[in-house]
Amino acid sequence: CSTDDNGGGGGGASASDVPGAEVLDDLDQAVEVEFWHSMDSTNGQVLNGLIDEFNAANEGRVRVTGTFQGDYDTTLAQHRAAIQQGDTANLIMVYDLGTQFMIDSGQTVPAQAFVDKDEYDTGALEDALLNYFTVDGDLRSFPFNNSTPLMYINRDAFEEAGLDPDNPPKDLAEIREFAEALTITSDDGQVEQYGFGAAVYGWFVEQFMARAAVPYCDNGNGREGRAAEALFNDPKIVEVVEWWQSMIDDGLAVQIGRSTDDAQAAFTSGRAAMTLESTGSLGGFLEQSEFEVGAGYFPLVSSDDPGGSIIGGASLWINGEGHSQEEVRGSWEFVQHLLTAESQSVWHAGTGYLAVNTEGYDGPEAQERATEFPQFAVAAAQLADSETSVNTAGCMMGVMSDARVAAEEGWEAALTTNDSAEAALTRAKESLQRKIDEYNDSVG
Ligand SMILES: O=P(O)(O)OC[C@H](O)CO
């Protein structure tokens, strides 16, 4: 989560001082490329299809082995351990929160080195994404599975409740209003369908703050200098957590906890008629739901918030340290395959992730999907509607993954103890401080 016009205050290595920055013209021997990623289920199948296609076209030259390493946190943790052991994969998918760490770690060949060497045309790549992954004027990683968060609805449930599925709720007050109509309780008092249910997921805290135009961390969201403090105990988030609590207390929302898998299951099983998730869940939702799935913009906290959303998902980093130049070249060739218009059409249509190469939207798979399911256009429209600002760029901080965990802990504590939302979030913020300080001391 970085933008060049925001200065890249977090700093880090430049394109020229990262190991392996010399990119070969071509390959003169066959190479194996180990690719660590976090895509499973529907998305994993689509990715495997793209890997197989590349391998078939490059037989005897480059062979990519993709391995699912677990969720984003787990993959990054494995990568940190691999750095210590000098045994990193050639190519790694790292989520938005790992961006600053990846830059600071100095293990990767900056994407810019490949672009410059091969005069690779980035013209078709989504501008907002290029901007997002550019720091100090250099593209640092390649966008691939990028997203914005959406409000998902069960269109059948909306129709049964007399609600218009083409107009999903836009803010917290409207979600509550809709949930009152959607919640169904049986004669014996059991809730058969909750109006709403979503995970206590720190990504949503980051997104609610962006939509309300408040920064997540200090020093211009970490872009004017290193972020030294998280700000997620902002009154806007206090309001979200209090609202969440009241939705559960009033029987309108199912209490889910921090598992996004549980939240997805609550939605696809019909237990919750509205949820919050990434556009990258759209393909899976369509596959797993027996009802018609609808999608709208991620909600505002209150109707007068300006809106905007932070780009989510992950990007691809090519490790240079400890790898031969042939492997680096092979990794780059595979990345180019993933970024073609043809691959992006398949990827977007299969998963719901943005087509990072915007020509992918014109591909046959993407066109067919768009005709059948207009929901596939919502994330791109939301991105286009988001003004680039320090808030929609997101916080740049080396311990962002710890910050997300702390925010979730504070939010969950407010839901499960007698602590007020403000007290729980403030305590969580304070518990994070030592990690921020230690990280900043370690990178100077
Ligand atoms: O579910 P994804 O891949 O869209 O990622 C969402 C968040 O950006 C992860 O930090």
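These are my notebook entries on a predicted protein model.

**Ground rules.** I number residues from 1 along each chain as its sequence is written. Local features need pLDDT of at least 70 and side-chain atom pairs pLDDT 80 or more, while totals for chains, interfaces and linings use all residues, and side-chain values use heavy atoms, with hydrogens and water left out.

**Overall build.** I looked up the secondary structure and found 19 helices and 13 strands (DSSP runs numbered from the N terminus: helices are H or I of at least four residues, strands E of at least two). The radius of gyration is 22 Å, close to the 22 Å of the globule rule for 444 residues, so the protein is as compact as a globular protein of that length (taken over C-alpha atoms; the rule is 2.2 Å times the number of residues to the power 0.38). Of the 444 residues, 61% count as buried (buried is under 20% relative accessible area, exposed over 50%, partly exposed in between, with a 1.4 Å probe and protein chains only).

**Negative patch.** Next I looked for surface charge. Asp52, Glu53, Asp121, Glu342, Glu359, Asp362, Glu365, Glu368 and Glu372 form a negative patch (residues with over 30% relative accessible area and no salt bridge, like charges joined within 9 Å; a salt bridge puts a side-chain nitrogen of Lys or Arg within 4 Å of a carboxyl oxygen of Asp or Glu). Helix H15 (364–372) gives the largest share, three residues. I found Glu359 in the loop between H14 (341–351) and H15; Glu359 is partly exposed at 46% relative accessibility.

**Leu231.** I placed Leu231 in the loop between H9 (218–222) and H10 (235–249). The C-alpha atoms of Leu231 and Ala263 are separated by 26 Å.

Key
Patches are made of residues with over 30% relative accessible area and no salt bridge: like charges are joined within 9 Å, nonpolar side chains (Val, Leu, Ile, Met, Phe, Trp, Tyr) within 5 Å. Accessible areas come from the Shrake-Rupley method with a 1.4 Å probe; for residues, only the protein chains shown count as cover. Lys and Arg count as positive and Asp and Glu as negative; His and the chain ends are not counted. The place of a charge is taken as NZ of Lys, CZ of Arg, CG of Asp or CD of Glu.
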